Structures are given as C-alpha cells and as structure tokens.
Amino acid sequence: MPVWQTEQGPAWRHRTTTAQWLHWLGWLLAAMAFVVCWQIMTVDTKWFFVKDAPSQAADLFSRAWPPKWSYVNTLWGALWDTINIATLGTLIGVMLAVPVAFLAARNTTPSHLVLRPFALFVIVASRSINSLIWALLLVAILGPGILAGIIAIALRSIGFVGKLLYEAIEEIDESQVEAVQATGASRAQVIDYGIVPQVLPAFAGICVFRWDINIRESTILGLVGAGGIGLQLQSSLNTLAWSQVTVIFALILATVIFSEWVSSRVRKNII
Amino acid sequence: MSEVQAVSRRWRRPPILIRNDFWRRAIYSGALLYLLLAIGTLEVDWQRAYEGLERGARFLQGFLTPDFTSRFDQIQQGMVESVTMTVCSTMVGVLISVPIGLGAARNISPLPVYLVCRAIIAVSRAFQEIIIAILFVAMFGFGAFAGFVTLSFATIGFLAKLLADDIEEIDPRQAEAVRGTGGGWWQVVNYGVQPQVMPRLIGLSLYRFDINFRESAVIGIVGAGGIGATLNTAMDRYDYSTASAILILIIIFVMLAEYSSGYIRKWIQ
C-alpha cells in the first residue's frame, strides 16, 4: 500500500499513480471494446421489434397462461426418453473417458510424447463442441432418434469426465502406489489396488455430477431432432401452442431440480 | 506363535463403494434392471443408420477438405456476430451481476434484499441458455440482439451466484477492521470486501466470457444469431464442407478463448 509524504505528514492512498492510470486505461479499453462491438452487433437489429418487446412478452404470457395441464399425459414417454438419453449417454461417455483419463494423467500415462498429448487433445476437442452441435451432426448421420442423442451426450461427456478424472489421478497419494509396487505387483495390479481405490469416490462424484448436467442438456437435444422432450417442445413451438410450452417448461424444471437433488445426495454420501 | 495362522488365511478385498451387503446388491440389481429397460426402448433403424454411414463418410471427407471460401460472407458474418455478442453480453452481464452478487451475500446485505437477489439468481440458473433464447427470440425477434439478451441473462445467474458465495467466504476480520475504523457500508465493501474478491471476480468473468462464446455458437439454432445459425443452415443444405469449416473455426476460437483467459487468470491471481 503506497504512502505519500505530504506537508501534513504521511498520507495513505489506495493505489500508486501508475496503478491508477493503468486502471483507468483498462476501463477505457473495455468501454471502447463494448461500444465497437455494440455498433457491429446491432447493425441488423430492428429496433421496432425491441421497443415492442414488452408488449410481445405480455402477449406471450397471456397465451402461455393458464398452462394446458392435460397435455402432460402425452409427455411421459418423451420424459422417459430424455432420462434414458442422459443416463446411457453418461454411461458410454464414462466408459470412453476412463482410458482417456489414464492416458492423460502424468503419473499413469505410458508415453509422455505421443499418448498424453493425444489424450489431452481428445479431452479438449470433446469439450469445445456443444452437445447440441454434436447432436446436429449425429442426426445428419444416424437419422433422428434417441440414438443420436445418446451418442451426442456421450461424446460431450468424455472431455468433462476425462479432465476431472485425470486431475484426480494426478493428485493421488504416491506412497500407496509405492507400497503396492514393493510387493512385486504388475502394472495392472498397481492401478487396480494402488490407484483405483483412491480415485473411486471422486470418480463416482464426477459421474453423478455429469449425469446431472446431461439431464439438463438432453432436454433440449430434441430441438435438432435427437429425441426426448425437446421434440415435443419443438412441435409445440412450431404450432405456437404456448400453453403446452409452459407445461413442458414446468416438467423440465421439475426434472432438473430432481436430478440436482439426486446428484447432491449421492455426492454427499460418497465424499 | 498363533499369528502365523492369520497370515496364511486368504485376504479378500472389501467392496469399495457400498459397504452394506443388502444395499449393494439392491442398487446393483436395480441399475441392471434399469439398463435392460432403457436399452429395450432404443429403436435403432439399422437401415437408416447404414444409409447414414455414407453421409458420415462425406462429412469426414468434408472435414479433410473444409471449405472456407464459397460461403465466406455468411461464415464471416456469423463469426463477427458471435464474437460481438459474447463481448457485449459478458460486459453487461458482469455489470448487472455485481450488485446482485453483493445483494445475495448474506454477510453484507439484509434479509429481504438477500432473498430477492437469490430469487433472481435461481430464475436465471433454472433453464438452459437455449430455452431462454427461445423466449427472447419470441420477444425481440430473430437475430443477434436476442442472443445478446439471452447470454447477458444467463451470465447473471452464473456470476452473481459465484460472486455471492465468494463474498460469504471472505475473511471477516478484514471487513471488521474497516468497520472498526468507523467505515460505512460502502467503505466496508470497497476496502474490506472488494480487495479480497476482485481477483476471483476477474477470473470468473473471463471464464464466463469463454462459456458465452461456446453458447453463442449454439443459440443460433433457435434463431438468436451468431455462428450457430450459419452452421444450422449449412447442415440443412447438406453442405458438409462448409459445416466442417465452421466447426473447425469454432474449435479454434474456443481454444483461443480458453487458453488466453486461462493465461490472464494465472497472471492476475
């Protein structure tokens, strides 16, 4: 903290003069970036529609209310599909992610030069593409249906589970591994008895956490044709049946809250 | 010695996850039953999947020969929209979420304010960006503006929550010391709280910038502008080489955003 000598004695200031200037410069640059981006972004904006938004919103809510609760009976099948997409997708994703994580972790990878960068690339590539884009691709290849959704979720989960799991593997207690090695155990036995028991609670926590995220993501995959409750959402949106949309939103919300509850319960019991 | 006997007994590995015998069996068999049921509902049209293989091959081919040029105008426009949308929405989102985050921290705000702010956070976090985008597109019309509003809205839930949790976890002695000198609420926040959470706030904002770019690449699918709209059109036209060019661009941009934001975060903290 800078202190200045003034005629009245020492005075305290929050920042040095340079820091102060840098601070203002930072704000100025941010404001400039904002103005420039705003100009470019709103070139095609129809301000008429934006001004109209409050009345549009009011109109929307008047059409969405009251919800058409009887519609919920046609949704159970779609909800079951959604849950299956999330669960099976998580399962496949986890099965693919485990070997990737062991290849990526510094202390278990068989080759630092080839396999570790490859595994890290798989993780980054999987994480940088949204599951909706994966679904868009897979629907084009496999045709619409829940299989495309399951694979999309699986491909998306590899990066997440792989990244968290390999970090957990790198943080293990090495003395236990050495103890198992000292008994003359083979490489597979070292992993089985020295590493797996240490990362298993973290692993289970990661899987449940990802399952929870996947439930959220699988609710919208139907928008691009990959099955589940999103399909009903898409068809209700296309026919402008907003009172049905309200019901679907309510059901999605309930499912998301339920999955969050399950996942936090399981994680609390494990860790 | 009698201990010798114990050594010759075989050691059995205890179950790792669920100790209780009954619950372990119940949970495992329940999971198996669910799996059978779930796989039973899979209706795979193998004929269709087989036909799809040819498309998959074409797609892979497109990936090897990405076509950046023939639809360059649309790709460029989509990319510019995505980037500007990300910048504007992150800034607006951060500016709005700071006061909400302050309000949602129990240790510096009164109960009624706390409840209102936490409610705002809960509403913003409840739904996926895509679902929020559907609503905002219906209100604001198609285009980047709806996307901007969506991302700003989603940023609030993320940032305000993490900021509030952070403020609740600060070292109370520093705030207490400022209060002890006779500082008012603003001074406590400015000198006691802000220095403790500022590095985290900057880090989180950069992280959210990164997330907002990823999301801006998909909300175009429901009409909220950005590169997602371009990608969707390319897929609808079965124009795989353009689609793969867009995907490659998205991957590059996401990686750039991730690495640079990670670098800046390390530099700040």
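Buried area is the accessible area, taken with a 1.4 Å probe, that two parts lose on being put together, summed over both. In this predicted model, the area buried between chain B and chain A is about 5,300 Å². Carbon and sulfur atoms give 78% of that area. Three residues of chain B may be picked out here: Tyr34(B), Met139(B) and Phe145(B) supply 11% of what chain B buries against chain A, more than any other three residues.

The contact can also be described by its residues. Chain B contributes 59 residues and chain A contributes 61 residues. On the side of chain B that touches chain A, the largest share comes from helix H4 of chain B (residues 72-103), with 9 residues. Sorted by class, that side of chain B has 44 nonpolar, 7 polar and 8 charged residues.

Polar pairing across the interface is considered next. Between chain B and chain A there are 4 residue pairs in polar contact, both residues being at pLDDT 80 or more.

One of the salt bridges lies within chain A. Side chains of opposite charge can pair when their charged atoms come close. Here the side chains of Arg106(A) and Glu170(A) meet at 4.0 Å, N to O. The two residues are 64 residues apart and belong to distant parts of the chain. Arg106(A) is in the loop between helix H4 (76-104) and helix H5 (115-128) of chain A, while Glu170(A) is in helix H7 (residues 146-170) of chain A. When residues up to four places away in sequence are not counted, Arg106(A) touches His112(A), Arg116(A) and Glu170(A). Of these, Arg116(A) is 10 residues from Arg106(A) along the chain, and their C-alpha atoms are separated by 7.7 Å.

Helix H9 (185-216) and helix H11 (240-268) of chain B each supply at least two residues of the patch. The largest share, 4 residues, comes from H11(B), the helix in which Trp267(B) is placed.

How values were computed: Residues numbered from 1 in each chain as written. Chains lettered and ligands numbered in written order. Predicted model: local features only at pLDDT ≥ 70, side-chain atom pairs only at ≥ 80, totals over all residues. Heavy atoms only, no water. Contact = heavy atoms within 4.5 Å. Polar contact = N/O pair within 3.5 Å; in protein donor to acceptor, adjacent residues only side chain to side chain. Nonpolar A, V, L, I, M, F, W, Y, C, P; charged D, E, K, R; others polar.
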